[in-house]
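Dear colleague,

Please find the structure below, handed over for your use. My findings follow it.

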Amino acid sequence: MRSLALRLAALTAVTLCITGCPEPVTPPTPDTTAPTITGFTPAEGATNVAFDAALTASFSEAISSDGLAASLRQGSTSIMGTFALSSDKKTLTFTPNAPLPEKASLVFSVTT
């Protein structure tokens with residue numbers, strides 16, 4: 001009888017541990033989709049853009065400033081200015097240091 005009581009006590013202890021243990025936590029699925037540019041302001045091909053216009057690029061999801069590269073160029077010449085990322089990290093704004101060149105074709109590039 002004593003051996004049966006010990007076996008029952010051991011079986012009960014195992015059962016309590018199994019039912020009392022927390023559920024395993026599943027790690028979140030990593031985001032493997034790269035953000036995409038959903039729009040530019042002014043729009044591509046826009047004409048009559050103000051000389052002091054700020055340029056923006058909007059993204060499909062928040063981006064990190066780590067590894068972010070952006071430029072505004074007229075041919076091989078860089079247009080100097082400042083870049084700022086919005087608080088939700090979904091909009092990048094370029095503000096030129098000087099008026100944009102008149103009648104120029106400019107290329108606004110962003111890579112993450």
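Strands β1 (37-41) and β7 (107-111) each contribute at least two residues to the lining of the largest pocket; strands here are DSSP runs (E, at least two residues), numbered from the N terminus. The model is predicted, so please note that local features need pLDDT of at least 70 and side-chain atom pairs count only at pLDDT 80 or more, while totals for chains, interfaces and linings use all residues. Residues are numbered from 1 along each chain as its sequence is written, and side-chain values use heavy atoms, with hydrogens and water left out.

The volume of the largest pocket is about 580 Å³. Its lining comprises 23 residues, of which P42, A46, V49, A104 and L106 are the closest to the centre. A pocket is an open set of points on a 1 Å grid over the protein atoms alone, where a 1.4 Å probe fits, with protein on both sides within 12 Å along at least five of seven lines; lining residues have an atom within 4 Å of a point. The volume is the space filled by probe spheres set on the points, which are joined across faces, edges and corners. By type, the lining has 15 nonpolar, 5 polar and 3 charged residues (nonpolar: Ala, Val, Leu, Ile, Met, Phe, Trp, Tyr, Cys and Pro; charged: Asp, Glu, Lys and Arg; polar: the others, Gly among them).

An open sheet of 4 strands runs in the order β1-β2-β6-β5, with antiparallel pairing (two strands pair if DSSP finds at least two bridges between them). Because β1 and β5 (81-85) stand at the edges with a single partner strand each, one side of each has no neighbour in the sheet. Strand β5 pairs with β6 (residues 91-96) in the antiparallel sense over 5 bridges, and F83 has F94 in β6 as its bridge partner.

T56 lies in strand β2 (residues 55-59) and is buried, as its relative accessible area is 17% (buried means under 20%, exposed over 50%, partly exposed in between, with a 1.4 Å probe and protein chains only). Leaving aside residues up to four places away in sequence, T56 touches G39, F40, T41, T91, L92, T93 and F108, where contact means heavy atoms within 4.5 Å.

A69, in strand β3 (residues 69-74), is partly exposed at 38% relative accessibility. With the sequence neighbours up to four places away not counted, A69 touches S109, V110 and T111.

Yours sincerely
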